[in-house]
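Biologist: Please take a close look at a single part of this chain, the part that the database record annotates, and then follow the packing around it.

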Amino acid sequence: MNHIQLISVLATLVLVQILGFISINYLGDYGWSVFLFIPLVIGFLPPYISGRKVKITKSTAYKLSFIALALACLALVVFAIEGLICLLMASPLLALAVWLGSYLGYKSSNSNFMNPTNTAIILVLLSISFSSFDHFNVPKDLIPVRTKIIVTAPIEEVWKNVVAFDKISEPTDWIFKTGISYPTDATIVGHGVGAVRYCNFTTGSFIEPITTWSEPNLLQFDVKEQPIPMNELNPFWEVHPPHLDGYFKSYKGQFKLKKLSENKTELEGTTWYKVDIYPEIYWKGWSNFIVHRIHERVLNHIKLESE
């Protein structure tokens, strides 16, 4: 890497750190700006700046862009801004945007239209556009996740283990080895509507006031309080990025039981939640996957205890 290429990478890192800081800490957004626009800039600027000084190949353009991405991610970890797991989750999205930005930067480096002044104006306008879109595009609908299992036990026995259950054995599922919070046991105070259920996770407790108690068929509850969704992994420091507080929020849940025979019960668990991170279609895939794994952990334990 020559000195021009080094300067292009360093200038890119400074700019994207400023953009990211403003987007997250002042606008409170984890969305299109953070996961698409900023990585697009990371991909675009190094080949664009370098290519206007010295002709570069397409492979060199990609190399510069992904070096910039790697250094940006390293800075997030070293300066205790982000953890490894969320960076890994975001990596497909980041890599795609950086690749596209790199291609555009390589093509634009020889363009007369894309001179430095025009480039600066376009980047500022795009930054404002993406930030505005994030700020006003808030989630409105709850996302339901349903998981079903068949239990070879009478419905009355299954109901008892739904309302409250003892400690679940340590998880073997790989997702819970990453710091993602998982359920350990559940207790209840009271009986019927108005009782309060405590579903205890490794990071704290979900406090769940009972709204429907239709024994032995339906238990519904709201979520009054919830713990953080994970403990971030960072090899250098303990980190607590802003997205752990309120960007994933569970609103209500239920257990539905259906008697199939005297000794067979269908048990379905449902969680309704919102995820305030964009693009929603991408992050909803991750959150649905994790909620399903949490459901399966609880339902399989209830099945084991009931049988």
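Modeller: An unreviewed UniProt entry lists residues 30-49 and 61-81 under "transmembrane region"; the positions are given in the numbering used here, the feature name is shortened, and such annotations may be inferred rather than shown by experiment. The model is predicted, so local features need pLDDT of at least 70 and side-chain atom pairs count only at pLDDT 80 or more, whereas totals for chains, interfaces and linings use all residues. Residues are numbered from 1 along each chain as its sequence is written, and side-chain values use heavy atoms, with hydrogens and water left out. Over residues 30-49 the chain is 90% helix and 0% strand, with end C-alpha atoms 28 Å apart, and residues 61-81 are 86% helix and 0% strand, with end C-alpha atoms 27 Å apart; helices are DSSP runs of H or I with at least four residues, strands are runs of E with at least two, and both are numbered from the N terminus.

The largest nonpolar core has 46 residues, and F35, I42, I180, I277 and W283 are those with the most contacts inside it. Such a core is a set of buried Ala, Val, Leu, Ile, Met, Phe, Trp, Tyr and Cys residues joined through side-chain atoms within 4.5 Å, where buried means under 20% relative accessible area with a 1.4 Å probe, protein chains only. Among the elements that give two or more residues to this core are α2 (32-53), α3 (58-78) and α7, and α2 supplies the largest share, 9 residues. Leaving aside residues up to four places away in sequence, F35 touches Y30, A90, L93, L94, A97, I277, Y278, P279 and W283, contact being heavy atoms within 4.5 Å. W283 is among the buried residues of α7.

Key
Buried < 20%, exposed > 50% of the residue type's maximum accessible area, 1.4 Å probe, protein only.
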